[in-house]
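I opened a new page for this one. Below is what I looked up, in the order I got to it.

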Amino acid sequence: MTALKANRTKIWVGAVTLLLVFYLVVSLQRSLLLMSDPNLVAKAIGVAYLVLPVIGAWALVRELLFGARTERLAKILEAEGGLPEDTLPRTPAGRIVREAADLEFEKYRAEAEAAPADWRSWFRLSCAYDAAGDRKRARASMRDAVRMYRTGAQTP
């Protein structure tokens with residue numbers, strides 16, 4: 001039961017991935033059927049419909065790689081003792097108190113500004129953005145951290 005709880009997110013990602021792959025295969029099959037139709041309009045729709053599985057497969061692979069790379073960085077930081085601690089106060093519903101997250105954010109923003117080439121500081125900044133509710137900047141910061149790690153900018 002504990003392993004199930006620990007891997008709940010991975011199980012959901014796997015299930016959604018399987019459903020998306022099924023959808024992409026069906027879409028591909030339908031586009032091939034339309035392209036084999038003698039009607040030119042059907043052929044055109046089949047070609048247009050072929051684009052959807054290609055874009056979907058690209059997005060799926062990109063997101064899965066992003067998740068795997070993020071997890072790898074988190075494990076490295078955890079082993080180094082560098083993961084930010086989740087000490088922020090929460091509302092009775094379990095949401096992080098925004099004002100506390102904003103104050104904590106400033107600490108990580110200053111750290112990233114002081115060490116702009118360190119992927120670790122960008123990883124922690126991403127966590128701070130996420131806690132403050134800014135998902136778009138959190139993902140952008142995490143992408144920067146992954147890029148820095150992959151290119152070798154790993155100053156401790």
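Which element gives the most to the lining of the largest pocket? I found that α3 does, with 10 residues.

**Ground rules.** I am working with a predicted model, where local features need pLDDT of at least 70 and side-chain atom pairs count only at pLDDT 80 or more, while totals for chains, interfaces and linings use all residues. Numbering starts from 1 along each chain as its sequence is written, and side-chain values use heavy atoms, with hydrogens and water left out.

**Overall layout.** I got six helices and zero strands for the protein chain. From the N terminus on, the order reads α-α-α-α-α-α. Here helices (H or I, at least four residues) and strands (E, at least two) are DSSP runs, numbered from the N terminus.

Next I looked at the dimensions. The C-alpha trace spans about 65 × 40 × 30 Å along its principal axes. The radius of gyration of the protein chain is 21 Å, whereas a compact globule of 156 residues would have one near 15 Å. That radius is taken over C-alpha atoms, and the globule rule is 2.2 Å times the number of residues to the power 0.38.

I also checked the surface. Buried residues make up 25% of the 156; buried means under 20% relative accessible area, exposed over 50%, and partly exposed in between (1.4 Å probe, protein chains only). The chain exposes about 10600 Å², with carbon and sulfur atoms supplying 65% of it.

**Largest pocket.** I noted a volume of about 770 Å³ for the largest pocket. Its lining counts 25 residues, and Thr9, Phe66, Gly67, Thr70 and Glu71 lie nearest the centre. The elements giving two or more residues to this lining are α2 (8–35), α3 (40–80), α5 (119–131) and α6 (135–151). By class I have 11 nonpolar, six polar and eight charged residues there.

For the terms: on a 1 Å grid over the protein atoms alone, a pocket is an open set of points with protein on both sides within 12 Å along at least five of seven lines, and lining residues have an atom within 4 Å of a point. A volume is the space filled by probe spheres set on the points. Ala, Val, Leu, Ile, Met, Phe, Trp, Tyr, Cys and Pro count as nonpolar, Asp, Glu, Lys and Arg as charged, and the others, Gly among them, as polar.

**Second largest pocket.** This one holds about 200 Å³ of space. Of the 15 residues lining it, Glu85, Asp86, Leu88, Cys127 and Ala131 are the closest to its centre. I see α4 (98–114) and α5 as the elements that give two or more residues to this lining. Its classes come to nine nonpolar, one polar and five charged residues.

Is Ser141 buried or exposed? I put Ser141 down as buried, because its relative accessibility is 4%. Ser141 sits in helix α6 and, leaving aside neighbours within four places in sequence, is in contact (heavy atoms within 4.5 Å) with Trp122, Leu125, Ser126 and Tyr129.

Arg69 belongs to helix α3 and counts as partly exposed at 21% relative accessibility. Again leaving aside neighbours within four places in sequence, Arg69 is in contact with Val146 and Arg150.

Ala79 is in helix α3 and is exposed, with a relative accessible area of 68%.

Conventions
1 Å grid on protein atoms, 1.4 Å probe; cavity = no way out; pocket = protein on both sides within 12 Å on 5 of 7 lines; lining within 4 Å. Areas by Shrake-Rupley, 256 points an atom, 1.4 Å probe, with all protein chains shown as cover.
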